Amino acid sequence: MGGSFLLFSSFLSVFACLRSFSLVCADANLTQSSFTPINRDLYHSSNDLIEQIKSLVHRHPDKLTVETIKAGNKVYEAEITVVTYCQSRKESDDRSKFRILLSFGQHGRELITSELAWRILSILSEEQFLPKMDRASLNSTLDNVVIKVVPMENLNGRKLVEAGDLCERRNGRGVDLNRNWSVDWGKKEKDYDPYEENPGTAAFSEPETQIMRKLAISFDPHIWVNVHSGMEALFMPYDHKNTTHDGLPSHRMRLLLEELNKVHCHKRCMIGSGGGSVGYLAHGTATDYMYDVVRVPMAFTFEIYGDGTASTKDCFKMFNPVDHTTFKRVLNDWSAVFFTILKLGPRQLDFHSKAGVSNLDKWVSIDEYLDGYLMGRRNRYGKKMEVLEFGMQEIRTYFRLFLLSSVLLLFMFCSRISKTKGGRQIVSAIPL
């Protein structure tokens, strides 16, 4: 009896050990499968990607130029690389050309978007080619466009992702750059997540958004596209409300998106306003600012990839392709989307609609005007113009004082006239 009891106890002990071992193994497997690492065979590091882009520009100086724009202070600094494409470099400042501004990598974890920027630049420089692409027809289209590409808007956030924080979308000090713009800034929905959507201490508190605002105002594009990942979608304004703008501009945008969805997405992409389609409202976004303030006729947000089967903790897999076949397909499909925009955009917009916008509609604040003006001058003349930025605040101050003085002088002049009229004696013209 005692031997049987000992045997039974030993059996239970072995069973418990095996169960504990299996649970540990299951936990280990769960942990391992929940965090897909960055595939270094598919994705460039941030430093390598920027260097590859600069080398590409160096090989094609007739078509490409590159600049690195820096902003910030001693507490926090940021820099953004901007590549400009024009068939003839000398004509890159030609305001009669159709202008397109593309931004990639606004959220650090969305690595695939920056790879798409690299692919597009490689095609523009003719070092890579799209399947079934009519190069002659494309070259004819490219003769009349200037394209500015921001391959990695959020470099500091990207470095945090590369260091192991694979779910990080914010910049280097925890601010969501796509909530830091001024249109409806700071409003928080009931499901607001400060980790995901921190809008910053004020609109344009972040150097990255300050750089992008200056770039947009000085370049004055006809088309803006902010490229993200997390799903497949073609969004138009607005993000901060569940509506789209009425009238012809909205109709033109929707027609273009429907064509892109039919030809390239095979009707699987979501279309509509960001706020009305994605299931939540986003306040302070770049696309809403481009449309409402910069008055870009066609302002879009594209979502180029998303793995709906991935765990919410497996951020790299959720936002980026992890196998070579899918990686290649995404880059080919969405590169084709952008080159279709190059062809259809000017036609859909009729190319003259932007010039037809009234001066009143195109007014921006004096701060925005001066920022854009100085950015444009610096882009054209280089470091010699950087000294002007030190006097920008003084220029604003003197301009405001001038306006205030003019108003006060006008008020004093009108008051004096009123007193003079009131003090005159009325003399009758009829003799008494």
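Ser 137, Leu 138, Thr 141 and Leu 142 in helix H4 meet Phe 339, Leu 342 and Lys 343 in helix H12, where contact means heavy atoms within 4.5 Å. This is a predicted model, in which local features need pLDDT of at least 70, side-chain atom pairs count only at pLDDT 80 or more, and totals for chains, interfaces and linings use all residues. Residues are numbered from 1 along each chain as its sequence is written, and side-chain values use heavy atoms, with hydrogens and water left out.

**Helices H4 and H12**

- By class, the contact of H4 with H12 has four nonpolar, two polar and one charged residues; Ala, Val, Leu, Ile, Met, Phe, Trp, Tyr, Cys and Pro count as nonpolar, Asp, Glu, Lys and Arg as charged, and the others, Gly among them, as polar.
- The axes of H4 (residues 135–142) and H12 (residues 324–349) come within 9 Å and cross at roughly 60°.
- H4 and H12 are therefore oblique to each other (angles under 35 degrees count as roughly parallel, over 145 as roughly antiparallel, 65 to 115 as roughly perpendicular and the rest as oblique).
- Helices (H or I, at least four residues) and strands (E, at least two) are DSSP runs, numbered from the N terminus.

**Cavities**

- A search of the whole structure finds two cavities of 30 Å³ or more; on a 1 Å grid over the protein atoms alone, a cavity is a set of points where a 1.4 Å probe fits but cannot get out, a pocket is an open set with protein on both sides within 12 Å along at least five of seven lines, and lining residues have an atom within 4 Å of a point.
- The largest cavity holds about 60 Å³ of space, a volume being the space filled by probe spheres set on the grid points.
- Its lining divides into nine nonpolar, no polar and no charged residues, and H12 gives the most, with four residues.
- Phe 339 and Leu 342, which meet H4, are among the residues that line the largest cavity.
- The second largest cavity has about 30 Å³ of space, and its lining divides into two nonpolar, six polar and two charged residues.
- H3 gives the most to the lining of the second largest cavity, with three residues.

**Second largest pocket**

- The second largest pocket has a volume of about 660 Å³.
- Of the 34 residues that line this pocket, the closest to its centre are Arg 169, Arg 179, Glu 197, Val 278 and Tyr 280.
- By class, the pocket lining has 10 nonpolar, 11 polar and 13 charged residues.

Notes. Axes fitted to C-alpha atoms, helices over the stretch in contact; angles between N-to-C directions.
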